[in-house]
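Biologist: I would like to learn how to read a protein model. Please show me with an example.

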Amino acid sequence: MIHLNTLACLHAEDPLHSCRVCLTFCPFDVFIFDTNELKTQTYLCQKCGVCIGLCPSHALSLDTPSSGITMTLISQKGYASCQQNIPCLAFLSPFQWFILSLHTSLKVDMSHCSQCSLIQQRNILFSKILSIFNEINHILDFLNFPIIHLDYQSIPSRRHFFSSISHNLKKFSLPLKHDFSPSLPDSSLILPPLSFISHKKIIKENCNYCLSCVQFCPTQALHCNEQGDILFRLNDCIHCKICYERCLSNAIINQPFSLNDLSSIHILYRSEYITCPLCKTTFHQKNDEYHCPHCEQLKKLGIIMND
């Protein structure tokens with residue numbers, strides 16, 4: 001059965017967000033919008049897994065082996081097929097395929113797509129899957145990494161899929177983590193722009209430290225530490241663009257990034273708090289300007305603070 005984490009859904013952070021991926025690609029019309037709220041008709045779900053990887057905020061899950069387990073099985077064989085170790089090629093997100101391809105020479109079975117009932121019900125699904133692999137291969141070729149080989153030749157039937165998963169799971173003596181996060185190769189080469197991830201930069205002169213970007217980030221890629229600094233973890237960014245839309249001062253912009261940046265936490269804005277010598281209020285100082293908001297408010301009320 002399909003499970004929807006409503007708090008992770010982009011519409012939970014922004015009811016007017018344009019994302020309609022689950023509605024667009026679900027072959028069985030499981031998803032509907034009711035008064036700007038995404039709802040599921042679970043009785044229609046066939047557990048095809050199409051929506052799992054295509055959902056940009058990972059708000060959807062199934063009662064089947066997780067994407068982390070699926071990545072491990074694919075990584076061990078260097079081979080992915082809907083007949084053996086993955087419900088559908090759309091089950092993994094573009095970023096998960098990208099991570100896999102950096103560490104494993106991959107061969108992906110595409111031979112069943114043309115006859116797949118899921119593709120026939122949603123003609124755009126095949127184009128979407130193909131565009132994901134084409135984008136990743138473009139980046140891999142740029143990095144001089146082996147590209148993902150897309151195999152259009154026929155292989156064994158679908159009945160091997162569940163038996164293969166069951167057989168492989170018995171090999172593991174320890175529980176597998178949900179996330180597959182091996183160490184990345186060291187590379188400072190700047191990547192071309194990607195559709196599923198983007199690095200951020202905050203223009204300090206524009207930022208008023210309202211923290212709307214942090215508050216509305218659905219994956220907590222943008223977050224604050226105990227000192228109040230705004231931090232950014234590139235691994236968690238899904239390029240939903242909510243932070244740009246919520247920033248009224250246009251302080252957030254894209255910046256180039258390398259593979260090295262993927263596993264790092266970046267300080268986008270270093271918070272500077274000072275204490276007003278007059279009213280003893282602690283406030284955030286912006287661009288070396290000294291304006292105590294408490295004292296400013298008192299002045300408007302005709303109250304003057306003396307030294």
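Modeller: We will look at helices, then a sheet, then cavities. This is a predicted model: local features need pLDDT of at least 70, side-chain atom pairs count only at pLDDT 80 or more, and totals for chains, interfaces and linings use all residues. Residues are numbered from 1 along each chain as its sequence is written, and side-chain values use heavy atoms, without hydrogens and water.

Biologist: How do helix 5 and helix 7 cross?

Modeller: Two packed helices are described by the angle and the distance between their axes. Here, the axes of helix 5 (residues 94-103) and helix 7 (residues 124-142) come within 10 Å and cross at roughly 40°. Helices are DSSP runs of H or I, at least four residues; strands are runs of E, at least two. Axes are lines fitted to C-alpha atoms, for helices over the stretch in contact, with angles from 0 to 180 degrees between N-to-C directions. Helix 5 and helix 7 are therefore oblique to each other (under 35 degrees is roughly parallel, over 145 roughly antiparallel, 65 to 115 roughly perpendicular, the rest oblique).

Biologist: In what order do the three strands of the open sheet lie?

Modeller: Strands pair if DSSP finds at least two bridges between them. The order is 9-10-12, with antiparallel pairing. Strand 9 (222-224) and strand 12 (265-269) are the edges. Strand 10 (residues 230-233) pairs with strand 12 over four bridges. There, L231 has I267 as its bridge partner.

Biologist: What lines the largest cavity, by class?

Modeller: Rolling a probe the size of a water molecule over the atoms shows where empty space is left. A cavity is a set of points on a 1 Å grid, over the protein atoms alone, where a 1.4 Å probe fits but cannot get out; lining residues have an atom within 4 Å of a point. The lining of the largest cavity has 10 nonpolar, two polar and three charged residues (Ala, Val, Leu, Ile, Met, Phe, Trp, Tyr, Cys and Pro are nonpolar; Asp, Glu, Lys and Arg charged; the others, Gly among them, polar).
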